[in-house]
Amino acid sequence: MNQKDNHILLKGIQIYTENHVIEKGYIKIIDDKIAELGTLEELVQDEDHDVIEVPAHFRAVPGFIDVHIHGVNGADTMDGTKEALDTMVAALPKEGTTSFLATTMTQEGKQIEKALENAGEYMETQPAHGKAEILGLHLEGPFVNANKAGAQPIQHIVDPNLPLFKEWQQLSRGTIRLVTLAPEQPGGLEMIRYLKDQGIIASIGHTDATFEQVNEAIEAGANHVTHLFNQMRGLHHREPGVVGAAFLRKELKAEIIVDGVHVHPEMVNLAFKNKQSDGLILITDSMRAKCLKNGMYDLGGQEVTVKDGKAVLADGTLAGSILKLGHAVKNILSYTGCSIEEAIEMASVNPAKQLNVFDRKGSIAVGKDADLVILDENLDVFMTFCRGKLSYKREENEQ
């Protein structure tokens with residue numbers, strides 16, 4: 001390997017570090033880590049670095065982390081193949097996503113097992129750098145409430161089953177990091193307690209839980225809400241529901257799909273005003289149709305129609321999204337008037353902290369993984385580095 005292959009110097013860029021913004025700064029990358037950063041005045045240039053000059057009005061922000069994504073570009077976690085995950089890790093840097101949780105869905109047990117086993121094996125040999133990193137698995141279902149199934153096939157929904165989960169975690173080689181479940185279902189609280197003891201995130205989702213039942217789940221160890229507002233008991237003045245609990249309980253970090261379809265922009269703003277930037281996590285919940293044309297696609301064995309930015313089942317039920325995380329960042333800025341720093345908190349910092357990987361991801365700091373997104377003057381993704389390697393650069397004719 002040529003010494004320059006893994007020595008990169010980014011020059012002239014605005015850098016959003018953990019604590020402040022550096023105007024006209026530089027970042028030195030060595031191998032897969034951020035080795036040094038500062039202002040151009042402080043730069044001592046080494047000859048062994050490949051220099052990338054970046055316009056001063058472009059911004060370097062930490063790589064985005066998607067804790068809830070099913071698929072992209074024709075591939076889905078539930079395909080249960082190495083090729084599907086290869087497609088996902090290669091496609092996601094284009095939208096600024098540098099790491100993610102590969103997300104399953106409610107399905108016949110053998111299919112879930114195939115997906116878990118495949119992803120667990122994949123993570124042991126996944127590319128060292130240059131692609132989005134799979135940080136683990138998000139098990140969305142089948143331990144949910146059929147009354148709030150959404151696009152989760154009802155016939156495969158089961159009550160929370162701890163022995164079954166333990167089997168699945170073993171199959172996945174211990175890589176399940178987040179579980180979406182309905183705490184009000186038989187066995188729900190028992191599973192939440194177990195997940196907490198194992199350091200796995202217990203997320204309240206696809207649930208008809210009352211406000212009181214959510215409080216019980218929090219006491220048991222739940223600290224996350226799956227796609228806020230969608231497929232959960234809503235806010236009511238006599239029964240605050242899951243949404244009310246999400247607003248009132250600081251213990252809960254709430255995912256939200258900011259595509260303007262799943263949640264009205266003003267409801268996104270309401271959530272932001274209640275949870276603030278430290279309480280929300282931007283997700284895509286995207287399916288295989290993302291990055292593809294309008295048409296018919298498969299989701300968990302169900303036919304999904306994608307048209308004009310919306311994915312629906314035959315009965316009109318929303319079926320995941322085709323949202324890109326970079327667009328979610330732009331949308332949250334537009335819908336709420338939040339600062340870029342607050343958007344970064346929701347797209348990078350919070351998911352890293354929730355997954356307990358903030359020591360190496362989620363912010364721009366010396367010693368952390370060189371997961372970087374370069375945004376242009378319109379805040380669109382121009383360039384992405386995954387663990388020190390340029391993974392995506394927008395072409396001049398690219399939309």
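## Cavity lining

Helix H8 (325–336) and helix H9 (340–354) each supply at least two residues of the lining of the largest cavity. H9 gives the most, with three residues. The structure is a predicted model. Residues lining this cavity are Val-61, Phe-64, Val-329, Leu-333, Ile-340, Ala-343, Ile-344, Leu-375 and Leu-379.

How many cavities of 30 Å³ or more are there? The count is one. The volume of the largest cavity is about 40 Å³. Rolling a probe the size of a water molecule over the atoms shows where empty space is left.

## Arg-59, buried without a salt bridge

Arg-59 sits in strand E5 (residues 59–62). Arg-59 is buried, yet has no salt bridge. Which side chain of opposite charge is nearest to Arg-59? That is Asp-376, 7.1 Å away. A salt bridge requires the nitrogen and oxygen atoms to be within 4 Å, so at 7.1 Å Asp-376 does not pair with Arg-59.

Arg-59 does have a polar partner. Its side chain makes a polar contact with the side chain of Gln-14, at 3.3 Å. Leaving aside residues up to four places away in sequence, Arg-59 touches Ile-13, Gln-14, Tyr-16, Ile-340, Val-373, Ile-374, Leu-375, Asp-376, Glu-377 and Leu-379. Among these contacts, Ile-340, Leu-375 and Leu-379 also line the largest cavity.

## Asp-376 and its partner

Asp-376 forms a salt bridge with Arg-394, 2.9 Å from N to O. Asp-376 lies in the loop between strand E19 (372–375) and E20, while Arg-394 lies in the segment after E21, so the pair ties together parts that are 18 residues apart in sequence. Asp-376 is buried, with a relative accessible area of 3%. Arg-394 is partly exposed, at 22%.

## Other salt bridges

The whole structure holds 20 salt bridges. Side chains of opposite charge can pair when their charged atoms come close.

Arg-387 and Glu-133 form one of these, with their closest N and O atoms 3.5 Å apart. Arg-387 is in the loop between strand E20 (381–386) and strand E21 (389–393), and Glu-133 is in strand E10 (residues 133–140), so the pair ties together parts that are 254 residues apart in sequence. Arg-387 is buried, with a relative accessible area of 7%. Glu-133 is buried too, at 9%. Both residues belong to a network of salt bridges that also links Lys-33, Arg-360, Lys-361, Asp-369 and Asp-371.

Glu-113 and Lys-110 make a local pair. Their side chains meet in a salt bridge of 3.8 Å, N to O. The two residues are three apart in helix H2 (residues 109–125), so about one helical turn separates them. Is Glu-113 buried or exposed? Glu-113 is buried, with a relative accessible area of 17%. Lys-110 is exposed, at 59%.

## Backbone exceptions

Most residues other than glycine have a negative phi, and most peptide bonds are trans. Asp-31 has a positive phi, near 55°. Asp-31 lies in the loop between strand E2 (21–30) and strand E3 (33–39). Asp-31 is partly exposed, at 40% relative accessibility.

Phi of Asn-73 is also positive, near 55°. Asn-73 lies in the loop between strand E7 (71–72) and strand E8 (75–76). Asn-73 is partly exposed, with a relative accessible area of 37%. Which residues does a cis peptide bond join? Gly-141 and Pro-142 are joined by one, with omega about 10°. Pro-142 lies in the loop between E10 and helix H3 (162–171).

## Thr-305

Thr-305 is in strand E17 (residues 302–307). Thr-305 counts as partly exposed, at 32% relative accessibility. Not counting residues up to four places away in sequence, Thr-305 touches Gly-295, Met-296, Lys-310, Ala-311 and Val-312.

Thr-305 and Lys-114 are 191 residues apart along the chain. Their C-alpha atoms are separated by 26 Å.

Notes. Residues are numbered from 1 along each chain as its sequence is written. This is a predicted model: local features need pLDDT of at least 70, side-chain atom pairs count only at pLDDT 80 or more; totals for chains, interfaces and linings use all residues. Side-chain values use heavy atoms; hydrogens and water are left out. Helices (H or I, at least four residues) and strands (E, at least two) are DSSP runs, numbered from the N terminus. Buried means under 20% relative accessible area, exposed over 50%, partly exposed in between (1.4 Å probe, protein chains only). Lys and Arg count as positive and Asp and Glu as negative; His and the chain ends are not counted. A polar contact is a pair of N or O atoms within 3.5 Å; within protein, one must be able to donate a hydrogen and the other to accept it, and residues adjacent in sequence count only if both atoms are side-chain atoms. Contact means heavy atoms within 4.5 Å. On a 1 Å grid over the protein atoms alone, a cavity is a set of points where a 1.4 Å probe fits but cannot get out, and a pocket is an open set with protein on both sides within 12 Å along at least five of seven lines; lining residues have an atom within 4 Å of a point. Grid points are joined across faces, edges and corners, and a volume is the space filled by probe spheres set on the points.
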